Amino acid sequence: MTPLQNTASGEPLIKVESLCKIYSLDSGAAGNGNGNGNGTVNSQVLFDVSLSIHRGEFVAIMGHSGSGKSTLMNILGCLDTPTSGHYWLDGNDIASLSDDELARVRNRNIGFVFQGFNLLKRMTALDNVATPLLYAGVNRSDSRKRAQALLHQTGLGKFAAYQPNQLSGGQQQRVAISRALVNNPQLILADEPTGNLDTQTSREIMEIFQQLNREHGITIVLVTHEDDIAACTRRLIRLQDGRVVHDAEVPA
Amino acid sequence: MSLLAIIGEALRALRLNRLRTGLTMLGMIIGVAAVVLMLAIGQGAQTMVNQAISSMGSNLLIVVPGATSSGALRSGSGAVQTLTMSDAQAIASLPSVKATAPLITGTAQLNYGANNWSTVVTGVTPDYFEVREWAAESGALFTEADVRSATRIAMLGQLTAKNLFGDEDPTGKMVRIKNSPFLIAGVLAVKGQSLDGRDQDDAVFIPITTGQRQIFGNQFPGTIRFLMAQAESAEMMEEAEAEMNQLLRQRHRVAEGMENDFTVRNMAALTAVATGAAKVMSIMLGAIASVSLLVGGIGIMNIMLVSVTERTREIGIRMAIGANRRAILMQFLLEALVICILGGLAGIAIGIGGAWAVSEAVGMVVVITFGTVVLAFAFASGVGIFFGFYPARKAAALKPVEALRYE
Ligand SMILES: Nc1ncnc2c1ncn2[C@@H]1O[C@H](COP(=O)(O)OP(=O)(O)O)[C@@H](O)[C@H]1O
Ligand SMILES: [Mg+2]
């Protein structure tokens, strides 16, 4: 019933071709784009992005602020749609999926980790982690058991009953990672997951990602500004003004 | 996501905003309580009218002295003495008329031992009880023979009996009416309120002849206050009315083109008006109360819209972790529905309590039917679905990336 049919493992997990993203803004709003004279201004953020990411890869995306990293991540995470171009996830054309199927893909196949953690307020860490399971139709007691196990795995076993505002940034990000992992996704997308964290905590979070990639074979795509974070990964893609300008392995 | 889990999420969200939930619910509680209370009062009025009508007796026509349009009718009891016992007998022999009951009335003081009670004394023939469909609860009705010989015998209404005798059985006892001793033949069954609001059980009945000769001695012999006639059937009411008019014009020698010196009232027409009025009142009360329900509903929509805007980011997060549109829609719809159902239940309870308080305080008849409760509940749920749907759909229609970016 998963909308994604597992295709031959030779296929890349992520394949995008000539991806373009254009935002239409009301005129008057500033922008470096071209006016089309119709009261709106179009601003193109992604230009012809093509890339493939295979199962088990650990990829860092870098680039200046405003270079389109988040825009690309949102498209990869099925939270947004490209203006043109194609995106195949595990061999399936994302453009052909319905809203419900996209929700299912976000629920089962992808785990998203945000810079700002994006936990549900006034809800315990345990319930936060368990929520994706509820959307997957798992009953409450089973989902709580699984959520507890994941919190334990990310080192937060004792904080299950805490609410986000009672946790430190690093702890909140661990909750968010547990939540991303709870449905056993093939892919984790992390948009500046250490952006709000100090160096020490960032290192701990990166260790979790490395372990997930190494020991569980989970594909991870991670956006970062920092070179030492990128150095933890095995492939680096650089974006500049919406174009891929660099794509190479990270020397070990 | 299972419905149960969605209900859980909805309840959690409502609990987080207790004050707001409570205030929104209050609008619903007031609306539903008002509807229940108004329906209870309206249906109470209808019930009262229906009881009064059925207590009147069926297929009833009433003949009173005096013309409809002249001032004579206004001059009140006994001023015009144009109806007689023989008029009543003549009407009784009409083919469309089953029975007639002539009657005279007056007030008098009744004494039994140390108790006294002032009430309406009505002089009637036994036919009166037939026409009014009024049976004796204890003892027996007085008879034609009592009328012929003008016996001092009386039938008591329930209230009069209770006031004079308390728990004693009055049958066979002697009571004094205007200081004359009367034997009590029996006590009549409970009759309740009349259409004009009088308690019909506050009465005493004596043979009409006894009344004419001994109690209301100042009246012209043989004249009556008014008479009741019962038509053979409901279909024959109009025929009876026409025949009675014709007969009485003849008997009273009313010249061609002259006004009647009597008036025949068809009670069927009157009761239709009364029933109609009670129904209209009931509907109007309900309609007025529904407005408050509507206002409550708009309050819910308003709060739900605010809530959707406030929780845009939450919606974005939920979508990012796998909530589909249906799950988001259901969550917000159920929040509105829970407010309405809980508010509706509280409103029904308060409405019933209010109706009880009204009936206790002003003695109004209130009637709460199962239908009223079901209607109020259905209304409340309907309001929740109707006014909750738009905000819920708005939430569900958000794009994940835009909802997530919302500050
Ligand atoms: N919803 C939007 N509407 C208009 N412009 C947007 C929107 N989202 C992002 N942008 C623009 O797209 C560009 C790329 O943004 P983003 O992908 O967030 O960059 P990055 O994550 O690399 O800093 C920026 O210039 C930003 O202003
Ligand atoms: Mg960004």
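This is a predicted model: local features need pLDDT of at least 70, side-chain atom pairs count only at pLDDT 80 or more; totals for chains, interfaces and linings use all residues.
Ligand 1 lies between chains A and B. Its shell is made up of Tyr23(A), Leu25(A), Val45(A), His64(A), Ser65(A), Gly66(A), Ser67(A), Gly68(A), Lys69(A), Ser70(A) and Thr71(A), together with Arg405(B). By residue class, the shell divides into three nonpolar, seven polar and two charged residues.

Polar atoms of chain A lie beside atoms of the ligand at several points, and three of these pairs are given here. An oxygen atom of ligand 1 is 2.7 Å from a polar backbone atom of Gly66(A). In the case of Ser70(A), an N or O atom of the side chain is 2.7 Å from an oxygen atom of the ligand. A nitrogen atom of ligand 1 lies 3.4 Å from a polar side-chain atom of Tyr23(A). On its own, ligand 1 has 560 Å² of accessible area, of which the protein covers 67%. The largest share, three residues, comes from H1(A).

For the complex, the predictor gives an ipTM of 0.93 and a pTM of 0.78. Chain B has an average pLDDT of 88, and 96% of its residues score at least 70. Within chain B, confidence is highest in helix H10 (residues 312-320), at 95, and lowest in helix H1 (residues 3-16), at a mean of 86. Over residues 70-79 of chain B, pLDDT stays under 50. For that stretch the model has 11 contacts beyond four places in sequence.

Key:
Residues are numbered from 1 along each chain as its sequence is written. Chains are lettered from A and ligands numbered from 1 in the order in which they are written. Side-chain values use heavy atoms; hydrogens and water are left out. A residue is near a molecule or strand if one of its heavy atoms lies within 4 Å of it. A polar contact is a pair of N or O atoms within 3.5 Å; within protein, one must be able to donate a hydrogen and the other to accept it, and residues adjacent in sequence count only if both atoms are side-chain atoms. Accessible areas come from the Shrake-Rupley method with a 1.4 Å probe; for residues, only the protein chains shown count as cover. Helices (H or I, at least four residues) and strands (E, at least two) are DSSP runs, numbered from the N terminus. Ala, Val, Leu, Ile, Met, Phe, Trp, Tyr, Cys and Pro count as nonpolar, Asp, Glu, Lys and Arg as charged, and the others, Gly among them, as polar. pLDDT is the predictor's confidence in each residue, from 0 to 100. Contact means heavy atoms within 4.5 Å.
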